[in-house]
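Me: I want to know what stands behind the terms used for this model. Take me through them one by one.

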Amino acid sequence: MAEKTYLQAISDGLRQEMRRDKRVFVLGEDVGVYGGAFKVTLGFQEEFGAWRVIDTPLSETAIMGGATGAAIMGLRPVAEVQFADFVSCAWDHLVTVAAKQRWRAGTPVPIVLRLPSGGGFSGGPFHSQNPESSFAHIPGLKCVCPSTPEDAKGLIVAAIEDPNPVLFFEHKHLYRRIKGEVPDERYVTPIGKARIHQEGDDVSVITWGAMVYTAEEAAKQVDASVEIVDLRTVMPWDRQAVLDSVRKTSKVLVLHEDTRTGGFGGEIAATIAEEAFEDLDGPVKRIAAPDCPVPFSPVLEKAFIPQVDDVVRGLEELIRY
Amino acid sequence: MATARLAEPSGSLQEVKEQGLDREDLLQIYRNMLTTRGVEERGHILYRQGKIPGSFYTGRGNEAASVGVATAMGTDDVGTPLHRDMGVHITRGVDPWRIFAQYMGRADGPTHGRDGNVHMADSNLGLLAMVSHLPAMLPVAVGCALAFRIREEKRVAVAWSGEGAMARGDAHEGMNFAGVRQLPVVFVCDNNQWAYSTPSHLEYAVEHLADRASAYGFDGVVVDGTDVLAVYREAKRAIEKARNGGGPTLIECQTLRMEGHAVHDDAFYVPKELFERWAERDPIERYRSWLRENAELTDDEEEEIAAHVKKQLTDALQRADESPQPDPANLTDGVYATPEDLDTPHHK
């Protein structure tokens, strides 16, 4: 056990899997000599060689299509998309080929797509997005959004082990800012199991990724006992953990960094309304980014990404209700 | 400027033997071509009988191109054939009754009614099922080749594309990556001159699509796609080159799509004279003549092969018709793979 950054935990998990299983290889833009845009694969090429840490041309379609072919042939590709935003260039291969291949043709596609996502540092409209809901909507894909270093390591291992295409959203704003104790040995954090980040009795916050910490700060500022459920994975998502928490507190706030309309919070809110209507003592509240592209200016970005104050206000409204 | 090599037509029996085909191989190629056309002709009848839901596509005119390339592939090689490449499935050994079951959306088709027409493949025969987005399977084949290269296996992937789909970014990204890494992949472009209703001159501006190969750092070759032995020779050469570390080749097979894009399309936009001219180069008739002139194909042999194919397809139709409809209760099974699903030859 040692204290690690979120970034180091991902790197450690990936490295351990590559040492353990020679089928695992990395491909992407600048992942080799440069060690990846964020240095997650720093030193990997020296250790594993140029044919297991493959620098590709600027070709998300070839990266994703290539990963699909290699996976069908029995390898375990871990593809890095430099920023989650660029996954749009690989959309067709993820959604058209990889997601449907098991169901229609019986050939599993075990791929991990690493997607540095999220805003908070003036990345602007093309380096800040959180596109998890777009992919959670596609049957056949899994979406993982860890918030802690311990989960980041356990979930990258789970993602590599999983026989399906897994989108691994790693929040850029957590990379070096968040540290925590991470076991040295190999372990698997199951995909589809939420984590209670903080127990409470009065109101539940359902969230994931960087918003876990926003919720944590907000919880300190309200006069109520707040339970924070960190979904950890958005598809599949842990309905039971959410419903258990809602039944305990009877009030719920769904929080995400992605934009509001069509964001995954809508699915969670609808499920709560269907399954736990009688347990609610107030409306299901959503806090999300407004329906516009991610802005560049720090002033505008602060207005876009849900802030601690926004969550405090939301919690207070629910508490008063 | 044209840079691709223009392939010679097929040669004598002696030359063909030197390329690795004995007389039985030659007869098998003929059987495969007849079966390919027979499957699609019977499919057409099934469609008109209302037994095929959705649409129906054939590769009439492309039998030599598809059978020729598939004949040159090794047992452990893999490929991503498209909707004009029925001959690849037949040559790799798919049972025709399963194709008819696929056409009709029955439980015994390779996709068990989950996908239609030629969106199918038997992975045990080294084939990967196509998707409608063309040529999305081209970069997937490049990925197969990448796996072979990483594991240092002497295997080759064959990626098919039509000339229409060569305009899409997938073709560029896949071929560029394969060229950069000199991967063991062969690109086969079935140039049938029409992308739905769009003619070649509105699809690309180079003389030959195979000329593009030089831009990706490998060889291009143009071959008459109605000449099965010429296609075989060029495919064999390219596949063995790739197998031995020589990198990719782009083979352009020139044909004409002898029917509409799909069964609903009467191809009114294709000049009648063009159809007439290419009908004179029918791939099966050309090959039959070659066999008679060069390999002493007898009337008895011809009749026996034709009768065998006919019976096989008649039996196949009956067996497919007996296949049950898929069970809606299983609709959502297998959206996600389980670890047991990885218990396949590829994943061991």
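**Terms and what backs them**

Reply: Strand 3 of chain B, helix 7 (residues 169–181) of chain B and strand 4 of chain B form a right-handed β-α-β unit. This is a predicted model, in which local features need pLDDT of at least 70, side-chain atom pairs count only at pLDDT 80 or more, and totals for chains, interfaces and linings use all residues. Residues are numbered from 1 along each chain as its sequence is written, while chains are lettered from A and ligands numbered from 1 in the order in which they are written.

Me: Why is strand 3 of chain B called largely enclosed?

Reply: Six of the six residues of strand 3 (residues 157–162) of chain B are buried, so the rest of the structure largely encloses this strand. Buried means 20 or more other C-beta atoms within 10 Å of the residue's own; exposed means 12 or fewer, partly exposed is in between, and C-beta atoms are placed from the backbone. Both faces are covered: B:Ala157, B:Ala159 and B:Ser161 are buried on one side, and B:Val158, B:Trp160 and B:Gly162 on the other.

Me: How do you know that strand 3 of chain B pairs with strand 4 of chain B?

Reply: Pairing takes at least two bridges found by DSSP. Six bridges join strand 3 of chain B to strand 4 (residues 185–191) of chain B, and the two run parallel. B:Gly162 stands opposite B:Asp190 there. Strand 2 (residues 78–80) of chain B also pairs with strand 3 of chain B, in the parallel sense over three bridges. B:Gly79 has B:Val158 as its bridge partner.

Me: What makes a set of residues a nonpolar core?

Reply: Its members are buried Ala, Val, Leu, Ile, Met, Phe, Trp, Tyr and Cys residues joined through C-beta atoms within 7 Å. The largest core has 201 residues; B:Ala141 and B:Ala159 are among those that touch the most other members. Helix 6 (residues 137–150) of chain B gives the largest share, eleven residues.

Me: Which residues is B:Ala141 in contact with, neighbours within four places in sequence aside?

Reply: Contact means C-beta atoms, placed from the backbone, within 7 Å. By that rule B:Ala141 is in contact with A:Gly69, B:Thr80, B:Ala157, B:Val158, B:Ala159 and B:Val185.

Notes: Helix = DSSP H or I, 4+ residues; strand = E, 2+ residues; numbered from the N terminus. Right-handed = clockwise from strand over helix to strand, strands pointing away. Contact = placed C-beta atoms within 7 Å.
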